[in-house]
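Biologist: Please take a close look at one packing contact in this model. Then place it in the rest of the chain.

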Amino acid sequence: MVQPRPDDFDTPWKEALTRYLPEFMAFYFPVAYAAIDWSQPYRFLDQELAQVVRDAELGKRIVDRLVEVATRIGEEQWVYIHIEVQGQDETDFAERLFVYNYRLYDRYRRPVATLAVLADERPGWRPTRFGYELFGCRHYLEFPTVKLLDDASRLETLLVDANPFALVTAAHLLTQQTRRDAQARYVAKWRLAKLLYERNWDKQRIIDLFALVDWLLDLPLELERRLWSSIGELERNVNMPYVTSVQRIGREEGRQEGRQEGRQEGEATLLRRQLTRRFGILPEWAEQRLVQASTEQLERWGDQVLEAVTLTEVLGHPGH
């Protein structure tokens, strides 16, 4: 196998969708994007969504989000978008979205649009509706879907598209295609990394999208080291020390230099990466705790990562 863990799409998709919602909508659902007033603030309602669907039977999905947005036209100024990114085919998927939709309407008494991105690997699975008819009564939900596999034949087009979710889609597809070929995955990851530096994007966007690529296209240790060496050389050539400034393989550097400072930096970098893979982007208090910790403390935390359920089980509570 290429990597020591299964491909995990949940966290990178959630982070990308949260940070770049307008671009997500523009790329996958342009009709809805055009109807939303993006000059108004939008609001994610994760806790509210969890309350609404907590009693439902959940399938294997990557991520779902509920967003309150303003519309440009129509009588309802504020409406709700339920976005679902589905990781594998599921028999009851359409029914589940039907249930979510009417529960959300029941809670808010406002229009709810359900949108689905199908990120599975089964070409023929394309649910778009669910409902029933009884005694002249009809109750249906029809929802737009985007099938990522449909873009597999146009990877080159995706790689030159300016929308960041074109690159997200390409990275997702390449992760699926290279699952059993470590060398092909290395080539794909290196290409995506170089593309990021060729875009006229701000530093934070490059860092965010590289984090997604890094998460999706996980490599064996030796190929990972080779990749970071190449990225370091690239950054020196273009004078853009973005990625290596926040994710360096300091463990190897510290050992080679034999300095305590290098060792501590390496332990912190390794632990930061492990924590991010497990719990998502770290809050500021966690970053500060990693910076201030001793090498021994970092090693103790590292031993706790695999069995911990929450970030606080590893690092303690923010106020302590």
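Modeller: The contact is between H7 and H9: Pro164, Leu167, Val168, Ala171, His172 and Thr175 in H7 meet Arg205, Leu209, Leu212, Val213 and Leu216 in H9 (contact means heavy atoms within 4.5 Å). By class, 8 of these residues are nonpolar, 2 polar and 1 charged, with Ala, Val, Leu, Ile, Met, Phe, Trp, Tyr, Cys and Pro as nonpolar, Asp, Glu, Lys and Arg as charged, and the others, Gly among them, as polar. This is a predicted model, in which local features need pLDDT of at least 70 and side-chain atom pairs 80 or more, while totals for chains, interfaces and linings use all residues. Residues are numbered from 1 along each chain as its sequence is written, and side-chain values use heavy atoms, without hydrogens or water.

H7 covers residues 164-177 and H9 residues 203-216; their axes lie 9 Å apart at an angle of about 15° (lines fitted to C-alpha atoms over the stretch in contact, angles from 0 to 180 degrees between N-to-C directions). The two helices are therefore roughly parallel (under 35 degrees). The crossing of H7 over H9 is right-handed, the near helix being turned clockwise from the far one by less than a right angle.

As for the rest of the chain, 48% of its 320 residues are buried (under 20% relative accessible area, 1.4 Å probe, protein chains only). The largest nonpolar core has 58 residues, and Phe24, Met25, Tyr28, Phe165 and Leu192 have the most contacts inside it (buried Ala, Val, Leu, Ile, Met, Phe, Trp, Tyr and Cys joined through side-chain atoms within 4.5 Å). Beyond four places in sequence, Tyr28 touches Trp13, Val117, Val146, Leu148, Phe165 and Thr169.

Key:
Helix = DSSP H or I, 4+ residues; strand = E, 2+ residues; numbered from the N terminus. Parallel < 35°, antiparallel > 145°, perpendicular 65-115°, else oblique. Buried < 20%, exposed > 50% of the residue type's maximum accessible area, 1.4 Å probe, protein only.
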